[in-house]
Amino acid sequence: MPESLPSSLTPVAQYLRMSREHQRYSIWNQARAISAYAAEHDLKIVRTYTDPGESGLTLRNRPGLQALLADVIKPERSFERILVLDVSRWGRFQNLDESSHYEFICFQAGAPVIYCAEPFENDGSPVMDLIKQIKRLQAAEFSRELSGKVIHAQLLQAKIGHKIGGPRRYGFDRMLVDQNERPIQILKRGETKALNCHRVVYVRGSDQEAQTIKDIFRWYTRDCLYLTEIARRLNDLQVPAGDREAWSANMVRRILSDELVLGIYVFNRTTQRLKSKARKNPPDEIVRTKMTEPIVSRIQFTSAAQRLRIRRHKVPKDENLAAVGRLLKSKGYLSTKLIDRCPYTPCSTVLTRQFGSISEVYRLLGYNPAGRWCPRGGASPASQAQILAELRLLHDKVGYLNEKIINAHPDVPSCSVLQRHFGKLTDAYRLAGVPCGRTELQRMGHERWMAKRAGETPRETMARRWPELASRFSDDDLLECLRRLQREHGYVTAQIIRDDELSPTPQLFTTRFGSLLNAYASAGLENRRSKIWSRASTAKHAARRAQREDAKVDQSS
């Protein structure tokens, strides 16, 4: 207990809450009633927790109660009791155990809850607990009854064409009318009705917005543009986006799916009562009211709705597969670009989500896309041999290969195509006869970086043709080549093989014998890395020492 308080006063905290609906007691009235109760019972209010304008159905949107529960379990706190006006201010939880749970947390921490305006004492006796549970049930039932009355009133208003909440929709204005349906004024953004007897209805907006809606439906149904392409075109044409700063794909989708363009106001599509999870209502519960003249035709709206339904992957897998099969039968081939452009098939993204990959769709349809890549000006798809030939030409032209160079060059298929044909990019490099080892690629990249840093031209690396070399060299010729290099250098490494003009690439030795170490062993050479590195370092050291001695002789002479 704080030392500043007299010994006869007990420090307490008060909790105040008022929901968004009109309540009997406001925050100020609750605080005054609790203060009077505290004065009568020798209590001193030292902390106040408030939730103004928050519903008591859940704990999620009540920062005041959350802070109270967080402070009450602390080892050191400034209050010993919690004062609440009545059970309904503590909460109108639909699950009575939830309300009891939060109160039990306070009781267990040594700060019991006291209801000031209730006719019972919260002393834990069986009779008082039973009355308290009845009060909790009444508080929850009040919210359920009020929710039913509000929904019933909203349905009646929607059936006669009155707008129920929300901002204005593109192409339409909000008109304020009186109780006799006489127009008063057009409501601007942020404005609402001032009197309960007033209502809001939808009316046609400007001719410019109506023409924009027609253009959106024409581009989407006739020209088969994507939602993002339509939004980009509208932004490029600097078409005003209504109450928004710029057009987006979601805004275009809302216009295409809004039945208000047909002059029909739709309400009660979903229900979310008492802070529960939103659920869709059956078709017979949806309210549709004729409001204005249509902007687009019913046929055009149905066509757009069908395409949106396909794009939003709400179609079963078997129907999507049948649509893609129909496209294959009419065109004779398939591609992601062709599928995305077709108006009656889902986009490739939807197919990937449903089947795992586009390749799985091709497999289910019995379509083999191998060799589907066509070179520029080619009449038929290229074979794997032609693709490897194009890859070798690109390597000879640039000097090295990576994903960026391959994807940017128009005469070579993309990396995804190479992976579909050969499994991995390194396998495609190996079959094409270009450097494919990770260590070798890193070394070449380091050499290019060092040359660029020194301002020099990178050394050109020409790939030896494996198909040609394979026919020229037998296994005995390869082993004799290793023995020759051993006699000339004293040791053999991949770098020595690569620098020798008479030798094939190290990849050919790896392909024939499995690895360079196996090739060394077949040639009768040392195949232990430690020995090879030791001999290589010894030979290099001897060469450097000979160079130093020659330099000394030159200086002395």
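Four strands form an open sheet in the order 2-1-3-4, with parallel pairing. From one strand to the next, the twist averages 30°. Strands here are DSSP runs of E with at least two residues, helices are runs of H or I with at least four, and both are numbered from the N terminus. Two strands pair if DSSP finds at least two bridges between them.

This is a predicted model: local features need pLDDT of at least 70, side-chain atom pairs count only at pLDDT 80 or more, and totals for chains, interfaces and linings use all residues. Residues are numbered from 1 along each chain as its sequence is written, and side-chain values use heavy atoms, without hydrogens and water.

Strand 1 (residues 10-18) pairs with strand 2 in the parallel sense, over nine bridges. Methionine 18 has proline 52 in strand 2 as its bridge partner.

Helix 1 (residues 27-40) lies across strand 1, strand 2, strand 3 (81-84) and strand 4. Helix 1 runs at about 155° to strand 1. Axes are lines fitted to C-alpha atoms, for helices over the stretch in contact (heavy atoms within 4.5 Å). Angles run from 0 to 180 degrees between N-to-C directions.

## Arginine 168

Arginine 168 sits in the loop between helix 5 (126-159) and strand 5 (172-177). Its side chain makes a polar contact with the side chain of glutamate 209, at 2.9 Å. Another polar contact, of 3.3 Å, joins the side chains of arginine 168 and aspartate 243. A polar contact is a pair of N or O atoms within 3.5 Å; within protein, one must be able to donate a hydrogen and the other to accept it, and residues adjacent in sequence count only if both atoms are side-chain atoms.

Leaving aside neighbours within four places in sequence, arginine 168 is in contact with residues including Asp173, Arg174, Tyr202 and Gly242.
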